[in-house]
Amino acid sequence: MHGPDLSSSTIAVGAGRPARTPGAPLNAPITLASALVPGGDSEYGRHGNPAWTAFEEVLGALEGGRALAFASGQAATTAVFDLVPARAAVVAPAAAYSGTLVQLRERARRGLIDLRLVDVTDTQAVIDAADDAALVWLESPTNPLLEVADIERIASEAARSGTAVAVDNTFATPLRQKPLELGADFVVHSASKLISGHSDVILGAVVTGNDRAHRAIEARRANLGAIPGALECWLATRGIRTLHVRLDRAEANAREIASRLQTSRVVTGVRYPGWGTIVSFEVLGGPETAQKVTELSDVITYATSLGGVESTWERRRRHEQEPTGVPENLVRLSVGIEDVEDIWYDVERSLASI
């Protein structure tokens, strides 16, 4: 797309579309092909697909870098971790997405990395731990405690020692935070969540502004076969067209729900950074009570995923691999785009059970 200082909402709608030639479709088609005619950018389906390209162009434009689509968020995360030299140090949040921490701990157990877990809200502690590290991995906000890191300062200090910084931007999306502009080297997404937005896609992405890093990540994708499907990329591209509309509505709902939860007599520890679509809170009465609350809702779906148009919630410590720093009675609520009064009625009704 061309034009001075186009807004993110305009980029989300217009980037990644085919050339405007007579008779051409407005949307990139789903290309189901394992082999392509030689002479173009790719001639085998493990190395490229037009549906990937459309998704990568729009996400890259939004993040301010070059994107690469992956089979899942975990596959994207793995590609970044695979760039870490043997036995080098990796700094990561002590309370982060459990799938990421499971992978890091497994690598540490096998002696592949020196894992250093930190409180990402303690900026100086992160900087100190990263002094001789190869990679700082950040979530901001973290999942599910919604802690916010000072990405810009951490990235600035990490650059002095040659430490790479990667940011999982799944919760924020590039409409609320652009880590590459703050100095990060990599941005990672579980595009299954807000990016695609309809709970019908498993997809991941890595974005970087460095050509050498882009080539390295692309090689990891091809060599490991962690490639996305054409349909998944097509669906995610369609979903990203309405990201700004969905995010604005869900965020307004989340802000209101977080405010009302503060007044509940059976809720404590409400966590909401002031933006985004995720609200976490603790239910008085322990884990059994919190579990019961999540299972009694009607409008809100009891499910482990997030970022869709529908509201979902769950008790995170029901998962065995969840970090022990996450309270047993903590509920993570992903607020959707339903009418806010209907969401709140469902929250109140479920809480009234205790």
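The following legends describe close-up views of a predicted model.

**View 1. Packing of helix H2 against helix H8 in the predicted model.** Helix H2 spans residues 50–63 and helix H8 spans residues 230–240; their axes lie 8 Å apart and meet at an angle of about 35°. The crossing of the two helices is left-handed. From H2, the contact draws on Ala-51, Trp-52, Ala-54, Phe-55, Val-58, Leu-59 and Leu-62, while H8 contributes Ala-230, Cys-233, Ala-236, Thr-237 and Ile-240. By class, the residues of this contact comprise eleven nonpolar, one polar and no charged. An α-helix has 3.6 residues a turn, so residues three or four places apart point the same way.

**View 2. Buried residues of helix H8 and their surroundings.** The buried positions in H8 are Ala-230, Cys-233, Leu-235, Ala-236, Thr-237, Gly-239 and Ile-240. These buried residues pack against H2, against helix H1 (8–14) and helix H9 (243–261), and against strand E1 (66–70).

**View 3. The largest pocket.** This pocket holds about 490 Å³ of space. Its lining is made up of 29 residues, and those nearest the pocket centre are Tyr-97, Asn-143, Thr-170, Ser-190 and Lys-193. Helix H3 (73–81), helix H4 (98–109) and strand E6 (186–190) are the elements that each give two or more residues to the lining. The lining residues divide into seven nonpolar, 16 polar and six charged.

**View 4. The largest cavity.** The structure contains two cavities of 30 Å³ or more. Rolling a probe the size of a water molecule over the atoms shows where empty space is left. The largest cavity has a volume of about 50 Å³. Around this cavity lie Pro-141, Leu-146, Phe-171, Ala-172, Pro-273, Trp-275, Gly-276, Thr-277 and Ile-278 as lining residues. Seven of the lining residues are nonpolar and two are polar, with no charged residue.

**View 5. The second largest cavity.** About 40 Å³ of space lies within this cavity. The lining consists of Leu-194, Arg-246, Ala-250, Thr-277, Gly-307, Gly-308, Val-309, Val-335 and Ile-337. Five nonpolar, three polar and one charged residue make up this lining. Thr-277 lines the largest cavity and also lines the second largest cavity.

Key: Residues numbered from 1 in each chain as written. Predicted model: local features only at pLDDT ≥ 70, side-chain atom pairs only at ≥ 80, totals over all residues. Heavy atoms only, no water. Axes fitted to C-alpha atoms, helices over the stretch in contact; angles between N-to-C directions. Helix = DSSP H or I, 4+ residues; strand = E, 2+ residues; numbered from the N terminus. Left-handed = near helix turned anticlockwise from the far one by under 90°. Contact = heavy atoms within 4.5 Å. Nonpolar A, V, L, I, M, F, W, Y, C, P; charged D, E, K, R; others polar. 1 Å grid on protein atoms, 1.4 Å probe; cavity = no way out; pocket = protein on both sides within 12 Å on 5 of 7 lines; lining within 4 Å. Points joined across faces, edges and corners; volume = space filled by probe spheres on them. Buried < 20%, exposed > 50% of the residue type's maximum accessible area, 1.4 Å probe, protein only.
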